[in-house]
Amino acid sequence: MRSFSLFALAALLTVAGCAGVAPTAPSGAPAVSIVNSLTFDHAMTGKRDGVRTAWPMDKLAGSTEYFPLSQIKQCEPGGTCRWGVLDAKRRFGALRAVPGGVAAEIDVTVHVDRTQHADRNDLHAAMTIPADVGALQSRRQDKREVVLPFGKVVPIDFEHGIRYELCAQRINAARQGIDQCPIAYL
């Protein structure tokens, strides 16, 4: 009998632990996910490339996402091209529900240069454009509060065709999107 009660206690604790992991929203409202992406023209193919991620809103405040180092290229009509290495990150400040969406403090930094180094936790990487190739160079930080209506994409454009997009999406109990966030999967 004692082994049964230990088993029942372990099962109860497991179920209680799983219940705490699921995204929750106050008063039975759907959970909210923030979908974001950073896109650019791929240096070799010229096709749109980038990274798209989605995060539970209740986990985002104060979080930073580092995007992978990437090569970009921009060509003039005469055929002269310049290359650069893109290093970008985004940070969320406070997020709060507003009627019909989410208000979010966002800080996006995009840095393009001949050489970039990424030293982040367990990742150590570097990329360099050769010295005999023309290089792109820009650095911009865009820090603002945005209102994200559910299902509507809000874009932030940067130099060299780089674009950051974000969208708020309600999620039902089955973890399916109630709203469509038309941000492409790349």
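Predicted model: local features only at pLDDT ≥ 70, side-chain atom pairs only at ≥ 80, totals over all residues.
**Notebook: a buried ring pair and an open sheet**

Residues are numbered from 1 along each chain as its sequence is written, and side-chain values use heavy atoms, with hydrogens and water left out.

I then searched for aromatic pairs (ring centres of Phe, Tyr and Trp, the last by its six-membered ring, within 6.5 Å; planes under 30 degrees apart are stacked, over 60 edge-to-face, the rest tilted) and the count came to 1. The pair is phenylalanine 67 with tyrosine 164, edge-to-face, at 6.5 Å centre to centre and 70° between the planes. Phenylalanine 67 lies in strand 3 and tyrosine 164 in strand 10 (residues 163-171), so the pair ties together parts 97 residues apart in sequence (strands are DSSP runs of E, at least two residues, numbered from the N terminus). Phenylalanine 67 is also buried, with a relative accessible area of 2%.

Next I traced the open sheet, where 4 strands follow the order 3-4-5-8 with antiparallel pairing (two strands pair if DSSP finds at least two bridges between them). Strand 3 (64-75) and strand 8 (138-149) are at the edges with a single partner strand each, so one side of each lacks a neighbour in the sheet. Between strand 4 (residues 81-98) and strand 5 (residues 101-113) I noted 12 bridges, and lysine 89 has threonine 109 in strand 5 as its bridge partner.

Key. Buried < 20%, exposed > 50% of the residue type's maximum accessible area, 1.4 Å probe, protein only.
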